[in-house]
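This report walks through one structure, a few features at a time. Look at the sequence and the model first, then read on.

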Amino acid sequence: MTRTKRGYIARRRRTKIRLFASSFRGAHSRLTQTITQQKIRALVSAHRDRNRQKRNFRRLWITRINAVIRNNRVFNSYKKLIHNLYRKQLLLNRKILAQIAIFNRNCLCMISNEIIK
């Protein structure tokens, strides 16, 4: 029986997977089966942590706003500020409010005073 030469498609697929895992350590960057397992695991972790990052940043913004509000004694709590923002229909998201709270506290006090009036 004549010898059949395998094509290049499988080798091309494996090299593509190896390029993804080139920064992994040990067998995770050398053995094809473990490379595929680690690739799946890495992509799952990346997807999960993108959502977790959004959650963590929102928590950070809320904490910063709450700290400045309680420090300046404008409102008793963050909850009341956000409630009054919605009632007055001021469209400021938490990220912008947190930046204002850090860089320009007087501006946040002015905003809260406008809400109270």
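A salt bridge here is a side-chain nitrogen of Lys or Arg within 4 Å of a carboxyl oxygen of Asp or Glu. The model is a predicted one: local features need pLDDT of at least 70, side-chain atom pairs count only at pLDDT 80 or more, and totals for chains, interfaces and linings use all residues. Residues are numbered from 1 along each chain as its sequence is written, and side-chain values use heavy atoms, with hydrogens and water left out.

**Salt bridges**

How many salt bridges does the structure hold? The number is 2. Arg 48 pairs with Asp 49, and their closest N and O atoms are 3.2 Å apart. Asp 49 also pairs with Arg 52, with the closest N and O atoms 3.9 Å apart.

Asp 49 and Arg 52 both sit in helix H2, which covers residues 32-72. They are 3 residues apart, about one turn of the helix. Helices are DSSP runs of H or I with at least four residues, numbered from the N terminus.

How open are these side chains? Arg 48 is partly exposed at 39%. Asp 49 is partly exposed too, at 34%. Arg 52 is partly exposed at 36%.

**Elsewhere in the helices**

Arg 64 also lies in helix H2. Its relative accessible area is 35%, which makes Arg 64 partly exposed. The C-alpha atoms of Arg 64 and Asn 113 are 19 Å apart, while 49 residues separate the two along the chain.

Ile 100 belongs to helix H4, residues 94-103. Ile 100 is buried, at 18%. Between the C-alpha atoms of Ile 100 and Tyr 78 there are 14 Å, and the two are 22 residues apart along the chain.

Gln 89 is in the loop between helix H3 (78-88) and H4. Gln 89 is exposed, with 67% relative accessibility. The phi angle of Gln 89 is near 60°, a positive value in a residue other than glycine.

**A positive patch**

Which residues gather in a patch of positive charge on the surface? They are Arg 6, Arg 13, Arg 14 and Arg 18. A patch is made of residues with over 30% relative accessible area and no salt bridge; like charges are joined within 9 Å, and nonpolar side chains (Val, Leu, Ile, Met, Phe, Trp, Tyr) within 5 Å. Arg 14 is found in helix H1, residues 9-20. Arg 14 is partly exposed, with a relative accessible area of 34%.

**Cysteines**

A disulfide is a pair of cysteine sulfur atoms within 2.5 Å. By this rule there are 0 disulfides.

| Cysteine | Nearest cysteine sulfur | Distance |
|---|---|---|
| Cys 107 | Cys 109 | 9.2 Å |
| Cys 109 | Cys 107 | 9.2 Å |

Is each of these buried or partly exposed? Cys 107 is partly exposed, with a relative accessible area of 25%. Cys 109 counts as buried, at 18% relative accessibility.

Technical notes:
Buried means under 20% relative accessible area, exposed over 50%, partly exposed in between (1.4 Å probe, protein chains only). Accessible areas come from the Shrake-Rupley method with a 1.4 Å probe; for residues, only the protein chains shown count as cover. Lys and Arg count as positive and Asp and Glu as negative; His and the chain ends are not counted. The place of a charge is taken as NZ of Lys, CZ of Arg, CG of Asp or CD of Glu. Helices (H or I, at least four residues) and strands (E, at least two) are DSSP runs, numbered from the N terminus.
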